[in-house]
Amino acid sequence: MAAHRSRRLQKEIQEIVKDVHSGITITNPQGGAEITDFTRFKGHFRGPPDTPYEGGKYEVDIRITSDYPFRPPEMRFITKIWHPNVSSQTGAICLDTLGTAWSPVLNLKSALISLQSLLSSPEPKDPQDAEVASMLLTRPEQFRHVAREWAIRYAGAPKPPPGSVKTGAGGSGEQQEAAGSSERRKAEEKERKRKEEARRKEAYKGYNRRMVDQFVNMGFPVEQVVTAFEDVGIDDAQGREYTLEEAYIGDITAHLFGEP
């Protein structure tokens, strides 16, 4: 079991290293690229745009338990952050993906991406830090101000120029320009997703996308997962979603990792 876990983690780390576009990186606990201990890592990512955390560099402590991947990795923020779902004192995280919503088909990359997404979509009604959550719900402008101050102080985010929109002191012209830029980005992103969806639909060969994506989220290409489905004999059910039996999940996973 330990050998299988180490092989899987090696594969996961290789996929993170290869994906230069996600902005997610992983190192040993000292920040070096050479990883020999597969029970402890450090995750790195930047704060997402259009948030108080934009431009900040965030580090996450990652511990792998003996039950991985059947139990989630233990993660906490090393970098101090003002966020309702992260303890401002300990870095403890409240996130479904790292708790009840964890599944063995998820991996380190998907967990780190979920953390990065959490910075864009805080959940103050399910908080880890009640003080921060209360500020976000009752004084959102103050929350954004404090969150940005912390991003600058602890995560190395750049200071905004005086009078910019991000300081809250910009004029209506600047705000309209920023809104227009945001709308353009949204339109471009929508078109990109449409084209990507068309390519994916062709690649899935009739299998339900959510079923295939369980394994794609482990870092495997769609084509490789679909081939594994075909080799194992998974029924496409005319594109309908259904729950795979554990034996099939094991066979598919073994096939993807090249195990007999």
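**Fold, sheet and aromatic pairs of the predicted chain**

Cys94 is placed in the loop between S4 and H2. The model is predicted. In the UniProt record, an unreviewed entry, the annotation "active site" covers Cys94. Such annotations may be inferred rather than shown by experiment. Neighbours within four places in sequence can be set aside. Cys94 is then in contact with Asn85, Leu118, Asp126, Pro127 and Gln128. One of these partners, Leu118, falls within helix H2, which spans residues 108-120.

The overall layout comes next. The protein chain has 8 helices and 4 strands. Along the sequence, the pattern reads α-β-β-β-β-α-α-α-α-α-α-α. The chain holds 260 residues, and 40% of them count as buried. Contacts were also sorted by separation in sequence. Among the contacts with a separation of 6 or more, 54% join residues 24 or more positions apart.

The strands form an open sheet. Its 4 strands stand in the order S1-S2-S3-S4, and the pairing is antiparallel. Strand S1 (25-27) and S4 are at the edges. Each has a single partner strand, so one side of each lacks a neighbour in the sheet. From one strand to the next, the twist averages 25°.

Each pairing can be followed in turn. S1 and S2 are antiparallel and share 3 bridges. Here Ile26 stands opposite Gly43 in S2. Strand S2 (residues 40-46) also pairs with strand S3 (residues 57-63), in the antiparallel sense, over 7 bridges. Two partners illustrate this pairing. Arg40 has Arg63 in S3 as its bridge partner. His44 has Glu59 in S3. Strand S4 (residues 74-77) runs antiparallel to S3, and 4 bridges join the two. Val60 has Phe77 in S4 as its bridge partner.

How much of S2 is buried? Of its 7 residues, 5 are buried, and the strand is mostly covered. A residue counts as buried when its relative accessible area is under 20%. In a regular strand, side chains alternate between the two faces of the sheet. A helix also lies across the sheet strands. Helix H2 (residues 108-120) lies across S1, S2, S3 and S4. H2 runs at about 40° to S2.

Aromatic rings were examined next. A pair of aromatic rings is described by the distance of the centres and the angle of the planes. The structure holds 11 aromatic pairs. One of them joins Tyr207 and Phe229. This pair is edge-to-face, with 5.2 Å centre to centre and 80° between the planes. The pair links distant parts of the chain, 22 residues apart. Tyr207 lies in the loop between helix H5 (172-203) and helix H6 (209-216). Phe229 lies in helix H7 (residues 222-232). Why does Tyr207 count as buried? The relative accessible area of Tyr207 is 10%, and the cut-off for buried is under 20%. Phe229 is buried too, because its relative accessible area is 0%.

Phe220 and Phe257 form an aromatic pair that is edge-to-face. Their centres are 5.2 Å apart, and the angle between the planes is 85°. Phe220 lies in the loop between H6 and H7, while Phe257 lies in the segment after helix H8 (246-256). The pair therefore ties together parts that are 37 residues apart in sequence. Phe220 and Phe257 are both buried.

Other rings form a cluster. Ring pairs link Phe45, Tyr53, Tyr58 and Phe77. Phe77 of this cluster is the bridge partner of Val60 described above. A charge over a ring also occurs. Lys80 lies over the face of Tyr154, at 5.6 Å from the ring centre.

His145 is found in helix H4 (residues 140-155). Its relative accessibility is 48%, so His145 counts as partly exposed.

Terms used
Residues numbered from 1 in each chain as written. Predicted model: local features only at pLDDT ≥ 70, side-chain atom pairs only at ≥ 80, totals over all residues. Heavy atoms only, no water. Buried < 20%, exposed > 50% of the residue type's maximum accessible area, 1.4 Å probe, protein only. Phe/Tyr/Trp six-rings, centres within 6.5 Å; stacked < 30°, edge-to-face > 60°. Lys NZ or Arg CZ within 6 Å of the ring centre and 35° of its normal. Pairing = 2+ DSSP bridges. Axes fitted to C-alpha atoms, helices over the stretch in contact; angles between N-to-C directions. Contact = heavy atoms within 4.5 Å.
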